[in-house]
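Biologist: I would like to learn how to read a structure like this one. Please take me through it feature by feature.

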Amino acid sequence: MEIKIPMTLRLERMPDNPKRVAIMYGPLVLAGELGPLGDPEVTDFLYTPVFIPEGKSLSGWIQPVQGKTNTFRTYSSRNL
């Protein structure tokens, strides 16, 4: 038996807070490096970095990295 899973980017609302979303690629939840290690706020357990995509479509601010499987890079209007 063969199962085909569409591997596309999408946003999934979080069950505990519909104003927040997870970035999904097929069935995978994406995770990543979110900032400098020296950020003094990262030791606060309530610290949650966020993306503010400024009304752009998902493909307008996150794109696959060529040559790296399941690896993506986020872009802001400053580095597109």
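**Reading the model**

Modeller: In the protein, 21% of the contacts with a separation of 6 or more are between residues 24 or more positions apart; a contact means heavy atoms within 4.5 Å. This is a predicted model, in which local features need pLDDT of at least 70 and side-chain atom pairs count only at pLDDT 80 or more, while totals for chains, interfaces and linings use all residues. Residues are numbered from 1 along each chain as its sequence is written, and side-chain values use heavy atoms, with hydrogens and water left out.

Biologist: How many helices and strands are there in the protein?

Modeller: Helices (H or I, at least four residues) and strands (E, at least two) are DSSP runs, numbered from the N terminus. Here the protein has 0 helices and 5 strands.

Biologist: Which strands form the open sheet, and in what order?

Modeller: Two strands pair if DSSP finds at least two bridges between them. In this model 3 strands form an open sheet, ordered E1-E2-E3, with antiparallel pairing. Strand E1 (9-14) and strand E3 (28-29) are the edge strands, each pairing on one side only. Between E2 and E3 there are 2 bridges, in the antiparallel sense. Tyr25 stands opposite Leu28 in E3.

Biologist: Which residues form an aromatic pair?

Modeller: Rings of Phe, Tyr and Trp (its six-membered ring) pair if their centres lie within 6.5 Å; planes under 30 degrees apart count as stacked, over 60 as edge-to-face and the rest as tilted. The structure holds 1 aromatic pair. Tyr25 and Phe72 form this pair, at 4.8 Å centre to centre and with 65 degrees between the planes, which is edge-to-face. Tyr25 belongs to strand E2 (residues 17-25) and Phe72 to strand E5 (residues 72-74), so the pair ties together parts 47 residues apart in sequence.

Biologist: Is Tyr25 buried or exposed?

Modeller: Buried means under 20% relative accessible area, exposed over 50%, and partly exposed in between (1.4 Å probe, protein chains only). Tyr25 is buried, at a relative accessible area of 18%. Phe72 is also buried, at 19%. Of the 80 residues in the protein, 12% are buried.

Biologist: Which residue has a positive phi although it is not a glycine?

Modeller: Most residues other than glycine have a negative phi. Asn70 has a positive phi of about 55 degrees, and is not a glycine. Asn70 sits in the loop between strand E4 (62-64) and E5. With 43% relative accessibility, Asn70 counts as partly exposed.
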